[in-house]
Amino acid sequence: MTERSFAVGEAEALEFLAYLTASAELCITEPHYYGTFRLIEAASRLMGLMREESEAGDPWLAGFKSEVDEKKLWMLRDRPAYFAFLKEAAAALAARLTGEPGCSDRADPGPATPRAEPGSGYAEHGEQGEQDVAQGAATLLRMISSRRVVRAFSERPVARADLIQILTAGRWATRGSNSRIHRFLVVEDPSAIRRVRAFSPGMLGVPAAIVVICTDGALADRAEVQLDRDVTPWMDVGTAAMNMMLAAHALGLGSCPVTSFSKSAVGVVLRLPPGVAPEFIVQVGHPAESRRAAPRPPSAAALRDLVCWETYGPHP
Ligand SMILES: Cc1cc2nc3c(=O)[nH]c(=O)nc-3n(C[C@H](O)[C@H](O)[C@H](O)COP(=O)(O)O)c2cc1C
């Protein structure tokens with residue numbers, strides 16, 4: 001292997017240093033296998049910095065970088081394949097360093113192949129005309145902006161098919177590390193809902209159904225999520241809840257979140273097993289007639305009062 005030299009500017013070197021330092025900090029809270037992800041990303045960034053001073057570039061390095069950039073993302077969806085790739089990658093670099101045969105053959109993708117990634121945007125649904133996309137966006141934005149919490153429900157039960165759609169929306173919510181450490185407990189039994197409500201000052205109405213989003217400690221342990229340090233599991237609760245409430249609204253149903261409840265008491269009332277914590281309750285039901293007739297509340301904060309562009313500061 002011929003010895004080459006590389007040029008790295010001070011700003012680029014400082015950015016790389018910043019990346020390494022921030023990654024070290026993140027290792028305190030993230031699942032331990034995330035450390036491998038931060039390191040392989042560092043390898044990719046370093047390869048990005050390794051621009052040769054003279055020659056056009058190293059095809060081996062370019063191939064290795066593009067392979068790393070593709071396969072590092074396997075960490076999120078097929079960890080065994082990702083781990084296998086990490087071992088392969090280290091061996092490939094060792095061969096490159098020592099000049100052993102096979103080291104330049106990075107065109108070979110190796111044995112590890114991840115499972116197909118489900119649902120990646122529009123590609124899965126085939127070609128859509130621009131008009132369809134615009135209509136879809138308009139409908140979604142209308143749903144987002146017209147949803148308001150509903151705190152008065154009729155006694156009419158929620159159709160099972162609607163509940164399934166609501167839960168499906170929760171299932172597709174974005175979540176940290178792509179981990180699934182939450183379970184959705186659906187309760188429709190009126191007496192169980194009444195008992196939950198007794199310990200839930202934030203549950204003002206009496207919904208036909210509730211979805212209790214629970215954190216499962218055993219699942220968190222298995223996923224190596226540090227519940228005592230990592231805040232992403234809380235955010236996952238919020239993303240799932242928001243998806244469910246939007247789905248309920250799209251189905252003509254009302255919903256309202258509840259966080260003002262006694263977790264310990266609701267855990268007992270719902271007979272949750274040890275290690276399973278109720279985090280968030282989504283009330284679901286048909287809006288009461290009074291609610292249907294209620295005037296729309298005044299509009300939310302103007303966008304210009306919420307948003308800063310490029311720099312944070314007071315509005316002119
Ligand atoms: C994290 C969170 C917790 C909430 N907890 C309660 C609650 O315990 N009881 C309740 O009636 N509403 C609760 N809400 C609903 C908010 O009061 C409501 O979303 C807010 O007033 C804005 O109204 P809108 O959703 O209709 O725009 C909660 C909302 C969020 C995001």
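User: Let's start with E30: is E30 buried or exposed?

Analyst: The general idea is a neighbour count: a residue is buried if 20 or more other C-beta atoms lie within 10 Å of its own, exposed if 12 or fewer, and partly exposed in between, with C-beta atoms placed from the backbone. E30 has 21 other C-beta atoms within 10 Å, so E30 is buried. Please keep in mind that this is a predicted model, in which local features need pLDDT of at least 70 and side-chain atom pairs count only at pLDDT 80 or more, while totals for chains, interfaces and linings use all residues. Residue numbers start from 1 along each chain as its sequence is written.

User: Where is the place of E30?

Analyst: Helices (H or I, at least four residues) and strands (E, at least two) are DSSP runs, numbered from the N terminus. E30 belongs to the loop between helix 1 and helix 2 (34–49). E30 and S177 lie 147 residues apart in sequence, yet 8.9 Å apart in space, C-alpha to C-alpha.

User: What should I read from S177 itself?

Analyst: S177 has a positive phi of about 60° although it is not a glycine. This residue sits in the loop between helix 6 and strand 1. S177 counts as buried because it has 20 C-beta neighbours inside 10 Å. Another case is R271, with a positive phi of about 55° although it is not a glycine. R271 is in the loop between helix 10 (263–269) and strand 4, and with 8 other C-beta atoms within 10 Å, R271 is exposed.

User: How do I read helix 1, and how many of its residues are buried?

Analyst: Begin with the span: the expected value is 1.5 Å times one less than the number of residues. Helix 1 (residues 10–26) has 17 residues and reaches 24 Å from its first C-alpha to its last, close to the 24 Å expected. The number buried among those 17 residues is 0, so helix 1 lies largely in the open.

User: Now the sheet: what order do the strands have?

Analyst: Strands of a sheet pair through backbone hydrogen bonds, either parallel or antiparallel. Two strands are taken to pair if DSSP finds at least two bridges between them. Here an open sheet of 4 strands has the order 1-2-4-3, with antiparallel pairing. Strand 1 and strand 3 (254–258) stand at the edges with a single partner strand each, so one side of each has no neighbour in the sheet. Neighbouring strands are turned by 25° against each other on average, direction ignored. Such angles use axes that are lines fitted to C-alpha atoms, for helices over the stretch in contact, and run from 0 to 180 degrees between N-to-C directions.

User: How many bridges join the strands, and which residues are partners?

Analyst: Strand 1 (residues 182–187) and strand 2 run antiparallel and are joined by 6 bridges. R183 has C214 in strand 2 as its bridge partner, and H182 has T215 there. Strand 2 and strand 4 (residues 276–285) pair in the antiparallel sense over 8 bridges. T215 finds its strand 4 partner in A277, while I213 stands opposite F280. Strand 3 and strand 4 are antiparallel over 5 bridges, and C256 stands opposite Q283.

User: Which helix lies across this sheet's strand 1, strand 2 and strand 4?

Analyst: Contact here has a cut-off: two residues touch if their C-beta atoms, placed from the backbone, lie within 7 Å. Helix 6 (residues 160–171) lies across those strands, running at about 165° to strand 1. Strand 2 (residues 209–216) is mostly covered, with 7 of its 8 residues buried, and so is strand 4, with 7 of its 10 residues buried.

User: Last one: which residues are around the ligand?

Analyst: A residue is near a molecule if its C-beta atom, placed from the backbone, lies within 6 Å of it. The residues around the ligand are R148, V149, R151, G202, L204, C256, P257, V258, T259 and S260. For classes, Ala, Val, Leu, Ile, Met, Phe, Trp, Tyr, Cys and Pro count as nonpolar, Asp, Glu, Lys and Arg as charged, and the others, Gly among them, as polar. The shell has 5 nonpolar, 3 polar and 2 charged residues.
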